[in-house]
Amino acid sequence: MNYKFFILSFFVSITGFSQNWVTDIVEAKSLATENNKTIVLVFQGSDWCGPCIKLDKEIWHTDEFKTYAKDHFVMLKADFPKRKKNALSKEQQDHNNKLAESYNKNGYFPLVVVLDENGKILGSTGYKKMKPSDYIKILESFKS
């Protein structure tokens, strides 16, 4: 019995700290409007872009960022993997391509674009070697 409780507790704790990413701009705008949050759109190459992988590890996956983001941001991911095993569906790739046409015309990776609930650009940044708290300050500075 204790074993089952341990397993259940383990999975609940993992999901409690997981980053809630959306992959559709319409859903992101809706969530941002409903919850009075800012959208953080992340253009990344998850399987080939070194700075993207560092940003993911050093910022997005930290407990500090996840805790803050849960209450302040809608996290929208636009991934552009290169390896076949990581390929996106045609629909998702088309969606990400349209996002890039609107928000990442120069094809920078990683590119982090902060948007209001209507999709208006408030600011943008990229990978920076810093603590999550300092990165949060940068993202928040675009709101004013």
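In this predicted model, Thr38 touches His72, Phe73, Val74, Val114, Leu115, Leu122 and Lys143, leaving aside residues up to four places away in sequence. Thr38 belongs to strand E2, which spans residues 38-44. Its relative accessibility is 8%. Thr38 therefore counts as buried, the cut-off being under 20%. The side chain of Thr38 also makes a polar contact with the side chain of Lys143, at 3.4 Å.

Two of the residues that Thr38 touches, Val114 and Leu115, fall in the range of strand E4, residues 111-115. Leu122, another contact of Thr38, falls in the range of strand E5, residues 121-125. E4 and E5 run antiparallel and are joined by four bridges. Leu115 has Ile121 of E5 as its bridge partner. Five residues lie between the strands of this hairpin. Gly119 takes a positive phi there, near 90°. As for side-chain direction, in a regular strand the side chains alternate between the two faces of the sheet.

Eight aromatic pairs were counted in total. A pair of aromatic rings is described by the distance of the centres and the angle of the planes. For Phe65 and Phe73, the ring centres are 6.1 Å apart and the planes meet at 20°. The pair is stacked because this angle is under 30 degrees. Both Phe65 and Phe73 are buried. Ring pairs extend the arrangement into a cluster of Trp21, Trp60, Phe65, Tyr68, Phe73 and Tyr135.

Lysine charges were also located over tryptophan rings. The charged end of Lys77 sits over the ring of Trp21, 5.0 Å from the ring centre. Trp21 is itself a member of the aromatic cluster. Lys82 lies over the face of Trp48, with a distance of 4.3 Å to the ring centre.

The disulfide count is one. The bond joins Cys49 to Cys52, with an S to S distance of 2.4 Å. The pair qualifies because the sulfur atoms are within 2.5 Å. The link is right-handed, with 75° about the S-S bond. Cys49 has a relative accessible area of 5%, and Cys52 has one of 3%. Cys49 is therefore buried, and Cys52 is likewise buried.

Notes:
Residues numbered from 1 in each chain as written. Predicted model: local features only at pLDDT ≥ 70, side-chain atom pairs only at ≥ 80, totals over all residues. Heavy atoms only, no water. Buried < 20%, exposed > 50% of the residue type's maximum accessible area, 1.4 Å probe, protein only. Pairing = 2+ DSSP bridges. Helix = DSSP H or I, 4+ residues; strand = E, 2+ residues; numbered from the N terminus. Polar contact = N/O pair within 3.5 Å; in protein donor to acceptor, adjacent residues only side chain to side chain. Contact = heavy atoms within 4.5 Å. Phe/Tyr/Trp six-rings, centres within 6.5 Å; stacked < 30°, edge-to-face > 60°. Lys NZ or Arg CZ within 6 Å of the ring centre and 35° of its normal.
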